[in-house]
Amino acid sequence: MEQDGTRRPDAPVGRATASRRMQELDRAEALRLLGTVSLGRIVFTQQALPAVRPVNHLVDGEDVIVRIHDGGALASLTTTSDAPGVVVAYEADVIDPVTHLGWSVVVTGYARPVDDADEADRYAALLSPWVGHRMTGALRIHPDLVTGFRLEADRTPGCAPH
């Protein structure tokens, strides 16, 4: 570990990055991968500044669902049901810490509260809170923009394997 708290790779940086390439994911593959993990980060505006919170999620169709609790920072994202919602970004990834191979997906769209009681109950049963707060609602993030990439080993002839 270095003084700033980051771990430096054992291999020289130039060699470590030369054997990988970044492949853009299409929307369907990015959402499929997002559905394979349960933890991500929601990015929103709090007091006119960017804020990030780790949350667990599920993917329902193309929508990302996260649970909220009263008084929490995410509760400020709830709007009336006739409003378009609040713009947020949601990011999740799986990157191997040794090989640096994996994927990352970012969903950008509007977050709105889940108002339907049956839907909210279904999400409550599927999304267990990771903290000791009683969850009181759920947010639905409907993606307008879905971007993602996969970091994969470069199989180009002449590239040294990592």
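In which sense do strand 2 and strand 3 pair, and over how many bridges? The two strands pair in the antiparallel sense, over 8 bridges. Two strands count as paired if DSSP finds at least two bridges between them. Helices (H or I, at least four residues) and strands (E, at least two) are DSSP runs, numbered from the N terminus.

The model is predicted: local features need pLDDT of at least 70, side-chain atom pairs count only at pLDDT 80 or more, and totals for chains, interfaces and linings use all residues. Residues are numbered from 1 along each chain as its sequence is written, and side-chain values use heavy atoms, with hydrogens and water left out.

The protein has 3 helices and 7 strands. From the N terminus on, the elements run α-β-α-β-β-β-β-β-α-β. Of the 162 residues, 35% count as buried. Buried means under 20% relative accessible area, exposed over 50%, and partly exposed in between (1.4 Å probe, protein chains only). The accessible surface of the protein comes to about 9,800 Å². Carbon and sulfur atoms hold 54% of that surface. Areas come from the Shrake-Rupley method with a 1.4 Å probe; for residues, only the protein chains shown count as cover. Among contacts with a separation of 6 or more, 72% join residues 24 or more positions apart. Contact means heavy atoms within 4.5 Å.

Strand 2 and strand 3 form a hairpin with 2 residues between the strands. Within the pair, Ile 42 stands opposite Arg 53 of strand 3. In this hairpin, Gln 47 takes a positive phi near 55°. Ala 48 lies in the loop between strand 2 and strand 3. Ala 48 has a positive phi of about 65°, although it is not a glycine. With a relative accessible area of 71%, Ala 48 is exposed.

Strand 3 also runs antiparallel to strand 4, joined to it by 4 bridges. These two strands form a hairpin as well, again with 2 residues between them. Asp 60 has Asp 63 in strand 4 as its bridge partner. Gly 61 in the turn has a positive phi of about 70°. A further positive phi, of about 65°, belongs to His 100, which is not a glycine. His 100 sits in the loop between strand 5 and strand 6. It is partly exposed, with a relative accessible area of 28%.

The largest nonpolar core has 23 residues. Such a core is a set of buried Ala, Val, Leu, Ile, Met, Phe, Trp, Tyr and Cys residues joined through side-chain atoms within 4.5 Å. Leu 34, Ile 42, Val 64, Tyr 90, Val 105, Val 107 and Ile 141 touch the most other members. Two or more residues come from each of helix 2 (27-34), strand 2 (39-46), strand 3 (49-60), strand 4 (63-68), strand 5 (86-95), strand 6 (102-113) and strand 7 (137-153). Apart from this core lies another, of 6 residues, among them Leu 58, Val 114, Tyr 123 and Leu 127. Leaving out residues up to four places away in sequence, Val 64 touches Leu 34, His 57, Leu 58, Tyr 90, Val 107, Leu 139, Arg 140 and Ile 141.

Tyr 90 lies in strand 5. At 0% relative accessibility, it counts as buried. Its side chain makes a polar contact of 2.7 Å with the side chain of His 57. A polar contact is a pair of N or O atoms within 3.5 Å; within protein, one must be able to donate a hydrogen and the other to accept it, and residues adjacent in sequence count only if both atoms are side-chain atoms. The Tyr 90 side chain also reaches the backbone nitrogen of Gly 40 at 3.2 Å. Tyr 90 and Val 105 are 15 residues apart in sequence and 8.2 Å apart in space, C-alpha to C-alpha.

Ser 104, in strand 6, is buried at a relative accessible area of 11%. Its side chain makes a polar contact of 2.9 Å with the side chain of Glu 91.

In helix 2, Ala 30, Leu 31, Leu 33 and Leu 34 are buried. Seen down the helix axis, the buried residues fall within an arc of 160°, so they line one face of helix 2. The arc is that of the directions from the helix axis to the C-beta atoms. These residues pack against strand 3, strand 4, strand 5, strand 6 and strand 7. Helix 3 (residues 117-126) is hardly covered: of its 10 residues, the buried count is 1. Asp 116 caps the N-terminal end of helix 3, with a side-chain oxygen 3.2 Å from the backbone nitrogen of Asp 118.
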